[in-house]
Each structure stands twice: as C-alpha cells, then as structure tokens.
Amino acid sequence: MSDRSNAPVIIKRKKVVAGGGHHGGAWKVAYADFVTAMMAFFLLMWLLNATTEQQRKGLADYFSPTIPINRVSGGGEGIFGGSDMMNEEALGQEALTAGGIPMEGDLAGAEAAAVEVAALEDIEAQLLGIGGESLIQQEALRHVVTRLTDEGLIIEIFAREGAPLFVAGGTEPAPVLVELTQMFARVFAIVTNPVAIDGHTRAAPHVVADHPVWAISAGRGETVRHLLEGGGLDPQRISRITGHADRDLAESDALSVRNDRIEVTLLRVQ
C-alpha cells in the first residue's frame with residue numbers, strides 16, 4: 001500500500017488586520033464619568049443660585065453632622081477639658097445634670113429658661129419656614145440669617161449685591177427692609193422679650209475722605225427702631241440701639257456689601 005493519500009491538502013490562511021481595530025470600552029467609562037461630573041457641577045451651581053444662605057447652611061450641616069450634647073458647654077480650659085471647680089455657674093449646672101440635688105429655685109429657673117428657648121426657636125422656625133412655609137417672601141428671605149445664642153435669638157439682615165437695605169448708602173430704608181421689619185414686629189408679639197438693634201456698615205474706599213460710618217450705622221439702627229414700632233412693636237421693649245460702624249465685619253473684605261447689615265436680637269431674660 002502506498003503512503004501517499006489522494007485526500008486534498010487544505011491550507012488555512014489567517015487574515016491579519018494591522019491597526020484600526022477595536023480598542024475596548026474604557027473610553028465609554030471615562031465619558032460617563034465626565035458627564036456625571038458635569039451634571040453634579042451644574043446641580044451645585046443651581047443650588048447656590050436657588051437657595052438662601054440659611055438653607056445652604058442647613059445643607060452643609062446635613063453633610064457634616066454633629067452630635068449636640070448640651071447647650072451649655074461643660075468644657076474647661078484644663079488638660080482634661082472638665083469644669084472649673086471654682087466656677088459657681090458650672091457647679092450649679094452640674095447639680096442639675098450630674099445627679100446632684102437641685103434647689104426648688106434652680107428647677108424653676110431651668111424650666112423657665114427651657115420654655116424661653118423653645119419660644120425663641122418657634123419664632124425662628126416661623127420666620128424661616130422650618131417645617132412649613134415661611135412668613136417672609138422668598139426673595140426677602142435671602143437677606144436673613146438667624147442664630148440662637150446665649151444672648152438670645154439674633155436675626156441678621158444683610159445687604160446683597162444689587163439689593164441694598166438702605167437707599168444710596170444712607171439711612172432711608174429700602175422696600176425689602178420695610179417688609180422684613182413689619183413681619184418681625186408681628187412675630188415678636190408672640191413673646192415679651194426685650195429687643196436690641198445693632199447697625200453695621202462696610203468700610204469706605206480710601207478715596208472717600210469723609211464717610212461718617214458711625215453716624216450712618218447708628219442712624220440705621222434708629223430707622224429700624226421706627227420701622228419695628230410702626231409695625232406694632234411696643235416701644236418699651238427696645239432695650240438698646242448700637243452703631244458699630246465698620247468695626248465688626250461679617251466678611252474679611254471690608255468693602256464687601258455683605259458688611260452692610262442690621263442685627264435685631266430678641267434678648268433672653270432667663
């Protein structure tokens with residue numbers, strides 16, 4: 001038998017394509033990341049434009065939560081951050097919170113203080129629309145920031161670019177300030193706390209030789225007093241009016257319009 005076969009010989013040739021082939025899907029992932037980043041950026045820009053300063057602060061607090069332990073700080077200046085044993089106020093506070101036996105007067109004072117704080121928080125909520133609609137128009141609300149301190153409820157009204165509180169840098173109120181103070185006067189009727197008014201101005205450029213910032217800040221405080229009383233606030237509740245000129249700035253830039261502001265404080269009495 002012969003070793004040779006009559007079967008045909010089949011030769012396979014591989015076609016090699018040089019260049020221009022498939023490069024994978026990595027570019028699709030990169031493009032998707034880019035689109036997502038752009039969407040996040042435009043969403044951030046929209047939020048900055050559509051929210052008030054108070055709402056932006058709330059958003060910031062949400063993403064950096066803290067756990068409040070007590071409204072009264074118990075930290076001392078020592079190495080362990082404890083209370084100063086020589087501080088009578090600290091001893092009184094610890095008597096109420098650390099298992100001591102409080103006196104009847106201490107209990108009554110603590111309860112009265114808690115009621116007062118709750119009333120001030122209720123006023124703050126009504127003004128800012130926390131948990132519901134604000135009593136202030138949205139555009140006017142952009143001028144307002146509140147904070148509850150040991151002194152009381154501080155309501156800060158500040159000027160914005162293109163939206164001043166006073167006409168031509170003087171003491172004549174702009175419509176937005178009139179609207180705000182009338183609303184404050186109505187809401188302040190909920191409580192009987194005394195009211196303090198502080199006027200602040202931004203600094204003047206060096207080219208302005210005579211800029212009476214002291215007189216302007218005090219005059220603006222007087223203007224707000226008249227507006228509050230005109231809105232129904234009892235004149236006897238006005239505790240003080242102070243003009244700070246440009247010595248207590250809210251912004252590091254002394255010329256910033258944000259430094260033109262009024263602070264109306266519902267003072268704590270407990």
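**Strands, helices and core**

Analyst: β3 and β4 pair in the parallel sense, over five bridges; strands here are DSSP runs of E of at least two residues, helices are runs of H or I of at least four, both numbered from the N terminus, and two strands count as paired if DSSP finds at least two bridges between them. This is a predicted model, in which local features need pLDDT of at least 70 and side-chain atom pairs count only at pLDDT 80 or more, while totals for chains, interfaces and linings use all residues. Residues are numbered from 1 along each chain as its sequence is written, and side-chain values use heavy atoms, with hydrogens and water left out.

User: Which residue stands opposite I197 in β4?

Analyst: That is I241.

User: And how does β5 run against β3?

Analyst: β3 and β5 run antiparallel and are joined by six bridges, with A196 standing opposite T265 in β5.

User: Are the faces of β3 covered or open, then?

Analyst: Both faces are covered, since V195, I197 and G199 on one side and A196, D198 and H200 on the other are all buried, where buried means under 20% relative accessible area, exposed means over 50% and partly exposed lies in between, with a 1.4 Å probe and protein chains only.

User: OK, switching to the core. Which residues have the most contacts inside the largest one?

Analyst: F184, V195 and L228 do, within a largest nonpolar core of 35 residues; such a core is a set of buried Ala, Val, Leu, Ile, Met, Phe, Trp, Tyr and Cys residues joined through side-chain atoms within 4.5 Å. Among the elements giving two or more residues to this core are α4 (104–128), β2 (152–158) and α7 (213–230), but α6 gives the most, with eight residues.

User: What does L228 touch?

Analyst: Leaving aside neighbours within four places in sequence, L228 is in contact (heavy atoms within 4.5 Å) with T181, F184, A185, V195, I197, L233 and V264.

User: Back to α6: what should its length be, and what is it in the model?

Analyst: The 14 residues of α6 (residues 175–188) should span 20 Å, and the end C-alpha atoms are 20 Å apart, which agrees; the expected span is 1.5 Å times one less than the number of residues. L177 lies in this helix and counts as buried because its relative accessibility is 0%. Not counting residues up to four places away in sequence, L177 touches I157, L165, F166, V224 and L227, and the C-alpha atoms of L177 and I157, 20 residues apart along the chain, are separated by 8.1 Å.

User: How many aromatic pairs turn up in the whole structure?

Analyst: The search finds two, where rings of Phe, Tyr and Trp (its six-membered ring) pair if their centres lie within 6.5 Å, and planes under 30 degrees apart count as stacked, over 60 as edge-to-face and the rest as tilted. F41 and F42 are edge-to-face, at 5.6 Å centre to centre with 65 degrees between the planes, whereas F184 and F188 are stacked, at 6.0 Å and 15 degrees.

User: Why are F184 and F188 about one helical turn apart?

Analyst: They are separated by about one helical turn because they are four residues apart in helix α6. F184 is buried, with a relative accessible area of 0%, and F188 is buried, with a relative accessible area of 0%.

User: And F42, buried or exposed?

Analyst: F42 counts as exposed, because its relative accessibility is 51%, while F41, at 42%, counts as partly exposed.
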